[in-house]
Amino acid sequence: MTLQFFGSADRMDDNIDAYLEQHQHKSLLRFITCGSVDDGKSTLIGRLLYDSKMIFEDQLAALEADSRRHGTQGQEIDFALLVDGLAAEREQGITIDVAYRFFATDKRKFIVADTPGHEQYTRNMVTGASTADLAVILVDARKGVLTQTRRHSYLANLLGIRNIALAVNKMDLVGYDQARFEEIVADYRAFAEQIGIDQFAAFPVSGLRGDNITALSDATPWYRGPALLDHLESISLDQDALRSAPFRMAVQWVNRPNHEFRGFSGLIASGSIRPGDAVRLLPSGRTSTISRIVTMDGDLDAAVAGQSITLTLADELDCSRGDLIAAADAPPEIADQFEATIVWMGEEPLLPGRSYWLKIGATTVIASVNELKHEVNVNTLERRAAKTLSLNGIGVATLSTDRPLPFTPYAENHDLGGFILIDRLTNATVGAGMIHFALRRAHNIHWQHLEVDRAAHARLKNQGPRVLWFTGLSGAGKSTIANLVEKKLHGLGRHTFLLDGDNVRHGLNKDLGFTDVDRVENIRRVGEVAKLMADAGLIVLCAFISPFRAERRMVREMMKEDEFMEVFVDTPLAEAEKRDEKGLYKKARRGELANFTGIDSPYEPPERAEIRIDTTRLSAEQAADLIVDRLLA
């Protein structure tokens, strides 16, 4: 956009100040472009930037040079290069990462996210959509509505985007055919109605030629609607809904520059606040009143949703990062069990029962999926039974956290109802979720205080509770060594119990198979039983292959510090196969036994086991003596 000011220096300063004041108070629209690969998303954004005069002369010169070197449009400008910044993107002519660009017109400011169309980068689309007010769904006029068109539309609606613009792109390549445009719009409308998109605006455009993007085109005299940019400038944003909701602010930082000041900083998620208002701190439930609303520009008399502020309280209360400050008379729910929709982004599948980090706002807790209720087929919208979710899978599940969380359903507030799941071993983000509601049992089931506690049980037995966890390949000798250890401890008057992998599958876990999902649930159940036995003051010996580090870590975290000892019965695969008393390896090698650890299912050896037993050097008797000595020491 070009600005021209005439007259005296004072007059020029006044004009600049007036323009900046006007610019500051323009509304901001965040939107994304999405759809299938090569539908022209980057080109469309590049054209918007170019036609809005948001490209400086040096950028234009660089764009022209890059177009000759990397472009796909011959000698013409390749507008996609304005947002395709990665070398791999330019070489392949596709978008991989999310590219954010800012531009403005006389009426509004915009932040646009160009999201990738490839199926393997769907997670990046979810990232861009999580903060968007509007989604521009692109469809190639030659190809029509594709799987990724449906998937991105479903995700946009799922993530709460209510403003949808369907841009039927590359109309120049179908001769600006009105019938083709109407056919695609009708096809999309049929799908949109099924997923709850009540209305959308449709535009016949050409990103390359600029048709109907910033101005109406003579090539489509049959189109009577506005240009795409006019629509983006005029679409109404419901910014009052959050401001009229009850006050909520997650604490992102405890601001303590000196001993005289203690404030709580964060972004107001909903509602408004004034000094003197009564608030409740969650999850503690303590109440206080607001003393000051502090900002870099001085104290405020009031603040509303969307502002970042620091609050000070009238009382000295314990409040930490991740806590929620809420209106005292309208606090949100608190629960530790929820139903939620999960979009899976991990290369490895979601495994119910496995523990993940769950991050909601500034709060991070341990969570696990209890049950996957169903998976959604984005093409047919069929709900199908599933035990797990693979990459880009979408499903509804119940999950539980290790401590209660204050929350608001995602449909009411995205900040307080949306979360991500993080792999605890790799720290990779593997899922995104939207909370629907708290499960009834989260409110109806409470911990019952017991007069005879675990310490009393341990004193009666004159021993400290312990869990010895024997892990290793099938045939390594876990059960043999565990039996000898229990026999020796029993002879010393210790109170013990042995949980063996084969034995529990005759009763407690008889309903489980040997898939990865069932193996995780097998160990979770055994871990819970071992914890109860440790609470009873017993020394519990658990002999299980337990192939995954994540589940062994999960059981360790169920116990009190120093009560869990991991015993790695380290036997090479070749040696374990030689022993093969049950003939299981032979069956697995012949393909008669699926999901057998070490053959077609992985075993993850411990990285820091308390005890490692090399069975090629120690006999079972020697190993048992070593373990008993270490335990009693």
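This is a predicted model: local features need pLDDT of at least 70, side-chain atom pairs count only at pLDDT 80 or more; totals for chains, interfaces and linings use all residues.
**Helices and strands: a quick chat**

Visitor: Thanks! What angle do the axes of H15 and H16 cross at?

Guide: Roughly 20°, with the axes of H15 (residues 516-535) and H16 (residues 549-558) coming within 9 Å. That makes H15 roughly parallel to H16 (under 35 degrees; over 145 is roughly antiparallel, 65 to 115 roughly perpendicular and the rest oblique). Axes are fitted to C-alpha atoms over the stretch in contact, with angles from 0 to 180 degrees between N-to-C directions.

Visitor: And which residues meet there, between H15 and H16?

Guide: From H15, Val520, Ile523, Arg524, Gly527, Glu528 and Lys531 take part. Their counterparts in H16 are Glu551, Met554, Val555 and Met558. Contact means heavy atoms within 4.5 Å.

Visitor: OK, another pair. How far apart are the axes of H13 and H19?

Guide: They are 9 Å apart, and H13 (residues 478-491) packs against H19 (residues 620-632) at an angle of about 55°. That angle makes H13 oblique to H19. The crossing of H13 and H19 is right-handed. On the H13 side, the contact is made by Thr480, Ile481, Leu484, Val485, Lys488 and Leu489. H19 contributes residues including Ala620, Glu621, Ile627, Val628 and Leu632.

Visitor: Switching to strands: in what order do the 6 strands of the open sheet come?

Guide: The order is E2-E3-E1-E4-E5-E6, and the pairing is mixed. Strands pair if DSSP finds at least two bridges between them. Helices (H or I, at least four residues) and strands (E, at least two) are DSSP runs numbered from the N terminus.

Visitor: Which strands stand at the edges?

Guide: E2 (99-104) and E6 (201-204) do; each has a single partner strand, so one side of each is left without a neighbour in the sheet. From one strand to the next, the twist averages 25°.

Visitor: How many bridges does E2 have with E3?

Guide: There are 6, and E2 pairs with E3 (residues 108-114) in the antiparallel sense. Alanine 104 stands opposite lysine 109 in E3.

Visitor: Which strands does H2 lie across?

Guide: H2 (residues 41-51) lies across E1 (27-35), E2, E3 and E4 (134-140), and runs at about 150° to E1. There is also H7 (residues 178-194), which lies across E4, E5 (163-169) and E6 at about 145° to E5.

Visitor: New topic: what about E17 and E18, parallel or antiparallel?

Guide: E17 (residues 355-360) and E18 (residues 363-376) run antiparallel, joined by 6 bridges. Tyrosine 356 has alanine 367 in E18 as its bridge partner. The hairpin of E17 and E18 has 2 residues between the strands, and glycine 361 takes a positive phi near 65° there.

Visitor: And how many bridges link E17 to E21?

Guide: E17 pairs with E21 (residues 418-422) over 3 bridges, in the antiparallel sense. Leucine 358 has leucine 421 in E21 as its bridge partner.

Definitions and conventions: Residues are numbered from 1 along each chain as its sequence is written. Side-chain values use heavy atoms; hydrogens and water are left out. A crossing is left-handed if the near helix is turned anticlockwise from the far one by less than a right angle, and right-handed if clockwise.
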